[in-house]
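Please read the following walk through one protein model with its sequence and structure at hand.

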Amino acid sequence: MSSRRPSIKKSIEGDESPPRNTRKRPLEVDEDEDEDVPPRSKRRSESIEEVRRVLDRLRLRRGSAHLSQEEEHISPEPPLKEEELEPVPEEQPLPSPPSPPASLATMPAEVLLLILGYSGRDEHLNLGVALPEIFVTARLNVFAMDARNQWFNRRRERPSLEGVVLGVFNYYEDPIHTPLLLVAIRQEHSIDTINQIIDAYNSVSPDAVNDIFLYRQYLTPLETAVNISRPDLLRVLLDRGLDPNLRGHLNSRLLRLYRPQMCLLQAVTHRTCGMPTPGHDHWADCDGLLGCAITLYSNFRRRTASISSRELLSRLEECIIILHERDPIAVTDGNRLGNLFNRLLEAGVDGLIRHIIEETVSGGGQQRDRLMERMPSIIERLLETYEDGDMESPLSEVGTQRQTARMLRAARRDDLIHYVITDLSATFRPGPLAAEMLRNRVSRGPLTALQAILAAGNNDEATFDLLMNLTNGSLVNVSNTTFEINRLWVERLLSLLISRDTALAGRFLFSAVRDLNNPILLLHPRADSRQMYRWMLREYVPLNLQTIFLAINRRDNTLLSELIRSRLGDVGDVFNSDILPSAALPAQFRPSRDVLPRAPDGSYLEESNDLYDSLAFWGRTPFEVAILTLNSYAANRLLILGANPERLRQDARDWLFEQFEANALSLDVWAEVGRAVLGDRFTQFDPQNQGE
């Protein structure tokens, strides 16, 4: 046993052949066996472990040698690089805002000034707001620096007259010198920041916040606050002492007197500030900040098409109210409306208008009396400046935000009209108010005012005169208003009047046929008056004497036939004055003349507006008017329809006899009428008797 063990070890160490498969035999000791084994077995396991290590080294050496031999004969393909996937970043919390480095606070002032020198006006302001512990300190204050720079270096002196006339005065302003106060207002910084800048300005001079904007081309801070619609900021600036009479863009009255300047807020030429110069009487005094605010409101209100703009308009209206509190707007100026109040009506600032009226009425005294005296003018201006486009708005706007915005504005104006007419019982002028309603018939404003007047229940002479003026107005005009819009206007008026007064409703038919021979309307392609009266006849508008008289006197046989055809279903002698009603006559009507002038053909001349009203007032019948005007077609047609000749007055019989006696009438046409009217007096002219 002992002689064999060394020989085995020796053979193994000198053997260079590949390792054999040395499986563990059943009697071999494993590494994990218990340590309490005999020494002999332990030495055997160590020998086996050493053999394993040697075999592993030999295996690795032979494998590397074989690989090197193959590389000498074969060039292996380069290995493919695996795509490296980008690592997915893990979610991390947002970094905290960087704090100014400690070295920035310890930098010399010269370095900080150098930084400011390479920065713009916006950066100066932002540095002062973001880093006040560095840039708003006793050592360095950007607000105080700007105040001294504006006061000592940029503030302009009043230019001389020679400089203005010769144009020597420099109108250019470099944007890099814009005062920080304007920059802060434009960027809508906090009120605290603006107060700090104003304090810095006033520390240089007590009124520096106003003086630095004299003779400059910038907007003033107050104008800028109005321009961006910031009522809270406007109130703060006024409380801090900014002058509302200061105006932007060269604030010298001397300059405005000799050279009209551009108002930056309105983007239009100022009407001038100061007295009008000779040859320019149409110039008026500039009304300052409040007038510019009203113009801005008006321009934006007409330009906007979005419902969301209501918030902006509300802020602009609040700005105007703040300025009104500082400098109240006068409702009247002598015998007319005040200029600013008139512009409020035109701009549509209805909330403030009602507020001013309520203040004036509650105050009483002479101001209230003057206001009530001017109420007719206010009502007319409310209709004139209605601007809703209700009936005439294009179909493309139906259901859009533009139409909705118009309806909301119209609702505010409707409330104001009802308040003035109903709550205040304001008086009105029938003639001018009716003319204003007719001019603005495409709007719903006139109907709103008429509804308020009728709802007030004042059945007085003024209301009747207003209705008469409306019904006497031209129902067809030569403007771009279409027939459908005119018909809609009449239909709405008829809906208000048909149950109130049938005679007034019948007046519309007379107004429609009155303009048939208007030469201007005849040449206009869109004015078809015949459509209007035909539509009225289909809608059973009451027929009246004045309309029949007009058709007979003008010898409009087409019109007369249509009028007669509309009444054929009635029973009785409808063409006698006691059955056919008259259209409403004006209050306290009296004919302007006793004798009506005639044309050579026998018809009456329409020299006066009351011609047909006079015939109805005198109680003439259609058959009488046909004989007096020598209208043979009308006389024969009415006679066939049952006109009673015995009802004719003696003057009509005598007139017809005189015409037969003068041989002025054709017997072929007038024979039947002569027999029925004259009876035995017609015997000498009757062709049948002459034949016998």
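Contact here means heavy atoms within 4.5 Å. With that in mind, take Asn210, which lies in helix α11 (residues 208–211). Helices (H or I, at least four residues) and strands (E, at least two) are DSSP runs, numbered from the N terminus. Leaving out residues up to four places away in sequence, Asn210 touches Gly241, Leu242, Asp243 and Leu246. Asn210 counts as buried because its relative accessibility is 8%; buried means under 20% relative accessible area, exposed over 50%, and partly exposed in between, with a 1.4 Å probe and protein chains only.

The model is predicted: local features need pLDDT of at least 70, side-chain atom pairs count only at pLDDT 80 or more, and totals for chains, interfaces and linings use all residues. Residues are numbered from 1 along each chain as its sequence is written, and side-chain values use heavy atoms, with hydrogens and water left out.

The protein has 36 helices and four strands. Of its 692 residues, 43% are buried. Among contacts in the protein with a separation of 6 or more, 72% are between residues 24 or more positions apart.

How confident is the predictor? The pLDDT, which is the predictor's confidence in each residue from 0 to 100, averages 76 over the protein, and 70% of the residues score at least 70. Confidence is highest in helix α13 (residues 231–239), at a mean of 95, and lowest in strand β2 (residues 268–269), at 36. Over residues 1–35 the pLDDT is below 50, and this stretch has 19 contacts in the model beyond near neighbours in sequence. Residues 250–285 also have a pLDDT below 50, with 84 contacts beyond near neighbours in sequence. Where pLDDT is low, the predicted coordinates should not be read in detail.

Two helix pairs show how elements meet. The axes of helix α5 (residues 121–130) and helix α7 (residues 142–154) come within 9 Å and cross at roughly 140 degrees. Axes are lines fitted to C-alpha atoms, for helices over the stretch in contact, and angles run from 0 to 180 degrees between N-to-C directions. On the α5 side the contact is made by Arg121, His124, Leu125 and Gly128, and on the α7 side by Val142, Phe143, Asp146 and Gln150. These residues divide into three nonpolar, three polar and two charged. In this grouping Ala, Val, Leu, Ile, Met, Phe, Trp, Tyr, Cys and Pro count as nonpolar, Asp, Glu, Lys and Arg as charged, and the others, Gly among them, as polar.

In the second pair, the axes of α24 and α26 come within 8 Å and cross at roughly 30 degrees. Helix α24 contributes Phe464, Leu467, Met468, Leu470, Thr471 and Asn472 to the contact, and α26 contributes Leu504, Arg507, Phe508, Ser511 and Arg514. Here the division is six nonpolar, three polar and two charged.

Leu470 lies in helix α24 (residues 461–472) and is buried, with a relative accessible area of 2%. Setting aside neighbours within four places in sequence, Leu470 is in contact with Ala434, Met437, Leu438, Leu450, Trp489, Leu493 and Phe508. Met437 is 33 residues from Leu470 along the chain, while their C-alpha atoms are separated by 7.9 Å.

Helix α29 (residues 545–553) is mostly covered, with nine of its nine residues buried. Among them are Leu545, Phe549 and Asn553. The buried residues of α29 pack against α26 (502–514), α30 (557–565), α31 (611–617), α32 and α33.

The loop between α32 (622–628) and α33 (632–640) holds Leu630. Leu630 is not a glycine, yet its phi is positive, near 60 degrees. Leu630 is also buried, with a relative accessible area of 16%. A positive phi of about 50 degrees is found in Ser425, again not a glycine, in the loop between α21 (401–423) and α22 (430–439).

What of the cysteines? Cys292 is buried, at a relative accessible area of 1%, and Cys319 is buried, at 0%. The structure holds zero disulfides, a disulfide being a pair of cysteine sulfur atoms within 2.5 Å.
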